Amino acid sequence: MENERAKVGWNIVEDNTGEYGKANVDDVKKNFPVLGKWEVEFGFGEIWSRPQLDMKQRELITLAALTVLGDAQRALDHHIRGALKVGLTPAEISEVMLHCVGYIGFPRAMNALYIMKDVFDELGVELPKD
(Lines give C-alpha, C1' and ligand atoms only; values in the text may rest on other atoms or scores of the structure.)
Protein backbone atom coordinates (compact mmCIF):
# COMPACT_ATOMS: atom_id res chain seq x y z
CA MET A 1 0.00 0.00 0.00
CA GLU A 2 1.25 3.49 -0.86
CA ASN A 3 1.86 5.96 1.90
CA GLU A 4 0.75 9.59 1.86
CA ARG A 5 4.16 10.91 0.70
CA ALA A 6 4.07 8.52 -2.26
CA LYS A 7 0.58 9.73 -3.24
CA VAL A 8 1.60 13.37 -2.98
CA GLY A 9 4.81 12.69 -4.92
CA TRP A 10 3.04 10.76 -7.65
CA ASN A 11 0.49 13.58 -8.07
CA ILE A 12 3.32 16.07 -8.54
CA VAL A 13 4.95 13.83 -11.16
CA GLU A 14 1.62 13.56 -13.00
CA ASP A 15 0.87 17.29 -12.79
CA ASN A 16 4.36 18.45 -13.76
CA THR A 17 5.30 16.03 -16.52
CA GLY A 18 2.23 14.00 -17.44
CA GLU A 19 2.60 10.71 -19.27
CA TYR A 20 6.27 11.28 -20.11
CA GLY A 21 7.16 11.81 -16.46
CA LYS A 22 5.07 8.89 -15.26
CA ALA A 23 6.75 6.59 -17.79
CA ASN A 24 10.18 7.87 -16.73
CA VAL A 25 9.49 7.26 -13.03
CA ASP A 26 7.93 3.86 -13.77
CA ASP A 27 11.12 2.91 -15.64
CA VAL A 28 13.25 3.87 -12.64
CA LYS A 29 10.92 1.97 -10.29
CA LYS A 30 11.06 -1.12 -12.53
CA ASN A 31 14.85 -1.16 -12.83
CA PHE A 32 15.84 0.27 -9.46
CA PRO A 33 12.86 -0.16 -7.10
CA VAL A 34 14.43 1.47 -4.05
CA LEU A 35 15.61 4.49 -6.05
CA GLY A 36 12.18 4.83 -7.66
CA LYS A 37 10.54 4.74 -4.24
CA TRP A 38 12.90 7.41 -2.92
CA GLU A 39 12.43 9.57 -6.02
CA VAL A 40 8.65 9.63 -5.61
CA GLU A 41 8.38 9.70 -1.82
CA PHE A 42 11.31 11.90 -0.87
CA GLY A 43 12.13 13.82 -4.03
CA PHE A 44 8.60 14.75 -5.01
CA GLY A 45 6.55 13.85 -1.92
CA GLU A 46 8.77 15.76 0.50
CA ILE A 47 10.93 18.28 -1.36
CA TRP A 48 8.70 19.29 -4.26
CA SER A 49 5.55 19.46 -2.11
CA ARG A 50 6.84 22.14 0.25
CA PRO A 51 4.69 25.30 0.00
CA GLN A 52 7.44 27.95 0.04
CA LEU A 53 8.07 27.86 -3.74
CA ASP A 54 5.69 27.37 -6.63
CA MET A 55 6.31 24.81 -9.37
CA LYS A 56 7.72 27.37 -11.82
CA GLN A 57 10.29 28.47 -9.26
CA ARG A 58 11.17 24.87 -8.46
CA GLU A 59 11.67 24.04 -12.13
CA LEU A 60 13.86 27.13 -12.66
CA ILE A 61 16.06 26.11 -9.74
CA THR A 62 16.20 22.51 -10.92
CA LEU A 63 17.12 23.53 -14.48
CA ALA A 64 19.94 25.68 -13.13
CA ALA A 65 21.23 22.91 -10.86
CA LEU A 66 21.14 20.31 -13.64
CA THR A 67 22.84 22.72 -16.05
CA VAL A 68 25.61 23.30 -13.52
CA LEU A 69 26.11 19.56 -13.03
CA GLY A 70 26.76 19.20 -16.75
CA ASP A 71 26.24 15.44 -16.82
CA ALA A 72 22.59 14.92 -15.94
CA GLN A 73 21.14 14.69 -19.43
CA ARG A 74 18.25 12.37 -18.60
CA ALA A 75 17.13 14.50 -15.66
CA LEU A 76 17.57 17.73 -17.63
CA ASP A 77 15.41 16.35 -20.46
CA HIS A 78 12.74 15.40 -17.92
CA HIS A 79 12.77 18.79 -16.20
CA ILE A 80 12.73 20.81 -19.44
CA ARG A 81 9.48 19.03 -20.24
CA GLY A 82 8.25 19.69 -16.72
CA ALA A 83 9.19 23.35 -16.98
CA LEU A 84 7.12 23.73 -20.13
CA LYS A 85 4.20 21.88 -18.54
CA VAL A 86 4.11 24.15 -15.47
CA GLY A 87 4.11 27.25 -17.68
CA LEU A 88 7.69 28.38 -18.15
CA THR A 89 8.30 29.82 -21.58
CA PRO A 90 10.99 28.54 -23.94
CA ALA A 91 12.77 31.90 -23.46
CA GLU A 92 12.78 31.51 -19.66
CA ILE A 93 14.17 27.98 -19.91
CA SER A 94 16.88 29.09 -22.33
CA GLU A 95 17.75 32.09 -20.18
CA VAL A 96 18.41 29.89 -17.13
CA MET A 97 21.05 28.00 -19.09
CA LEU A 98 22.53 31.13 -20.65
CA HIS A 99 22.69 32.77 -17.23
CA CYS A 100 24.84 29.89 -15.96
CA VAL A 101 27.61 30.45 -18.58
CA GLY A 102 29.55 32.91 -16.45
CA TYR A 103 29.63 30.49 -13.54
CA ILE A 104 30.11 27.12 -15.21
CA GLY A 105 31.63 27.81 -18.61
CA PHE A 106 30.54 27.36 -22.18
CA PRO A 107 30.77 23.53 -22.49
CA ARG A 108 28.25 22.77 -19.75
CA ALA A 109 25.89 25.54 -20.81
CA MET A 110 26.08 24.39 -24.44
CA ASN A 111 25.39 20.83 -23.37
CA ALA A 112 22.24 21.97 -21.56
CA LEU A 113 21.13 24.16 -24.46
CA TYR A 114 21.51 21.29 -26.94
CA ILE A 115 19.48 19.00 -24.69
CA MET A 116 16.86 21.76 -24.55
CA LYS A 117 16.96 22.03 -28.36
CA ASP A 118 16.41 18.27 -28.74
CA VAL A 119 13.40 18.38 -26.41
CA PHE A 120 11.99 21.44 -28.16
CA ASP A 121 12.49 19.82 -31.57
CA GLU A 122 10.70 16.68 -30.41
CA LEU A 123 7.80 18.69 -28.99
CA GLY A 124 7.59 21.17 -31.88
CA VAL A 125 8.59 24.11 -29.67
CA GLU A 126 10.42 26.96 -31.39
CA LEU A 127 13.81 27.96 -30.05
CA PRO A 128 14.05 31.46 -28.61
CA LYS A 129 15.86 33.82 -30.99
CA ASP A 130 17.61 36.01 -28.45
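Student: Which residues line the largest cavity?

Tutor: The largest cavity is lined by Leu66, Thr67, Gly70, Asp71, Ala72, Gln73, Leu76, Arg108, Asn111, Ala112 and Ile115. The model is predicted: local features require pLDDT of at least 70, side-chain atom pairs count only at pLDDT 80 or more, and totals for chains, interfaces and linings use all residues. Residues are numbered from 1 along each chain as its sequence is written, and side-chain values use heavy atoms, with hydrogens and water left out.

Student: What makes a space a cavity and not a pocket?

Tutor: On a 1 Å grid over the protein atoms alone, a cavity is a set of points where a 1.4 Å probe fits but cannot get out, whereas a pocket is an open set with protein on both sides within 12 Å along at least five of seven lines; lining residues have an atom within 4 Å of a point. The structure holds 1 cavity of 30 Å³ or more, and the largest cavity has a volume of about 30 Å³. A volume here is the space filled by probe spheres set on the points, which are joined across faces, edges and corners.

Student: Which elements give two or more residues to the lining of the largest cavity?

Tutor: They are α3, α4 and α7, and α7 supplies the largest share, 4 residues. The names follow DSSP runs numbered from the N terminus (helices: H or I, at least four residues; strands: E, at least two). By class, this lining has 5 nonpolar, 4 polar and 2 charged residues. Ala, Val, Leu, Ile, Met, Phe, Trp, Tyr, Cys and Pro count as nonpolar, Asp, Glu, Lys and Arg as charged, and the others, Gly among them, as polar.

Student: What is known of the largest pocket?

Tutor: Its volume is about 290 Å³. Of its 13 lining residues, the closest to the centre are Glu39, Thr62, Leu66, Ala75 and His79. Two or more residues each come from α1 (4-31), α2 (33-47), α3 (55-69) and α4 (73-85), with α4 giving the most, 4 residues.

Student: Why are α3 and α4 called roughly antiparallel?

Tutor: Their axes come within 10 Å and cross at roughly 155°. Axes are lines fitted to C-alpha atoms, for helices over the stretch in contact, and angles run from 0 to 180 degrees between N-to-C directions. Angles under 35 degrees count as roughly parallel, over 145 as roughly antiparallel, 65 to 115 as roughly perpendicular and the rest as oblique. α3 and α4 are therefore roughly antiparallel to each other.

Student: Which residues of α3 and α4 meet?

Tutor: Glu59, Thr62, Leu63, Leu66 and Thr67 in α3 meet Ala75, Leu76, His79, Ile80, Gly82 and Ala83 in α4, where contact means heavy atoms within 4.5 Å. By class, this contact has 6 nonpolar, 4 polar and 1 charged residues.

Student: How do you know that α1 and α4 are roughly antiparallel?

Tutor: The axes of α1 and α4 come within 9 Å and cross at roughly 155°. The two helices are therefore roughly antiparallel to each other. Their contact includes Glu14, Asp15 and Tyr20 of α1 and Arg74, Asp77 and Lys85 of α4. Its residues divide into 2 nonpolar, 7 polar and 7 charged.

Student: What is the angle between α5 and α7?

Tutor: Helix α5 (residues 90-99) and helix α7 (residues 106-123) pack at about 160°, with their axes 9 Å apart. That makes α5 roughly antiparallel to α7. Pro90, Ile93, Ser94, Met97 and Leu98 of α5 make the contact with Ala109, Ala112, Leu113, Met116 and Phe120 of α7. These residues divide into 9 nonpolar, 1 polar and no charged.
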